[in-house]
Amino acid sequence: MSNDIKNNNQSGQNRTSNSGKNSPSQTSSGQATDAYGNKIGPSGKQQENIVKHASDKKAADAARAEGKGKPVNHTSPREGNDHYRATDKEGNKIPCSTHHEYDKK
């Protein structure tokens, strides 16, 4: 094996080992992920993606476009505002999907 190939393999191993605190892997851009491939935020907890919409209808439409079925409406969550989440074609909430928040009127 030539030195060039050996050096490339060694540098690749070093990049893989620098994947963040207690993180099994990372994204192609270097962000740490958990065992299921979900991005880990700076707090060490799973990153939540939140998009705020001007109306209930716009939030529902965005969640419907993200998923494959009728979106689920989470009213009165323990944390955060009311929001829609994308669902799969069986109507199950897609894990780690975006929270499409809206203001109550």
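Me: Which strand is alanine 32 in?
Reply: Alanine 32 sits in strand S2, residues 32–33. Bear in mind that this is a predicted model.

Me: Why is alanine 32 called buried?
Reply: Buried means under 20% relative accessible area. Alanine 32 comes out at 16% relative accessibility, so it counts as buried.

Me: How far apart are alanine 32 and glutamine 46 in sequence and in space?
Reply: They are 14 residues apart along the chain, and their C-alpha atoms are 9.8 Å apart.

Me: What does the secondary structure come to?
Reply: It comes to two helices and six strands. Starting from the N terminus, the order is α-β-β-β-α-β-β-β.

Me: How confident is the predictor, and which elements have the lowest and highest mean pLDDT?
Reply: For the protein the mean pLDDT is 78, with 76% of residues at 70 or more.

Me: What makes one side of H2 a buried face?
Reply: Ala59, Ala60 and Ala63 are the buried residues in H2. Looking down the axis of H2, its buried residues fall within an arc of 95°, so they line one face of the helix.

Me: Which exposed residues does H2 carry on the face turned away from its buried side?
Reply: Those are Lys57, Lys58 and Ala65. Exposed means over 50% relative accessible area.

Me: What covers the buried residues of H2?
Reply: The cover includes strands S3 (50–53), S5 (83–85) and S6 (99–102). Take alanine 59: leaving out residues up to four places away in sequence, it touches His53, Tyr84, His100, Glu101 and Tyr102.

Me: What makes up the largest nonpolar core?
Reply: Five residues do: Ala59, Ala60, Ala63, Tyr84 and Tyr102. To belong to such a core, buried residues of the nonpolar kinds, Ala and Tyr included, must be joined through side-chain atoms within 4.5 Å. H2 gives the largest share of this core, three residues. In soluble globular proteins, nonpolar side chains tend to be buried together.

Me: How much of the protein is buried?
Reply: Buried residues make up 27% of its 105 residues. The accessible surface is about 7900 Å², and 47% of that belongs to carbon and sulfur atoms.

Terms used
Residues are numbered from 1 along each chain as its sequence is written. This is a predicted model: local features need pLDDT of at least 70, side-chain atom pairs count only at pLDDT 80 or more; totals for chains, interfaces and linings use all residues. Side-chain values use heavy atoms; hydrogens and water are left out. pLDDT is the predictor's confidence in each residue, from 0 to 100. Buried means under 20% relative accessible area, exposed over 50%, partly exposed in between (1.4 Å probe, protein chains only). Helices (H or I, at least four residues) and strands (E, at least two) are DSSP runs, numbered from the N terminus. Contact means heavy atoms within 4.5 Å. Accessible areas come from the Shrake-Rupley method with a 1.4 Å probe; for residues, only the protein chains shown count as cover. The arc is that of the directions from the helix axis to the C-beta atoms.
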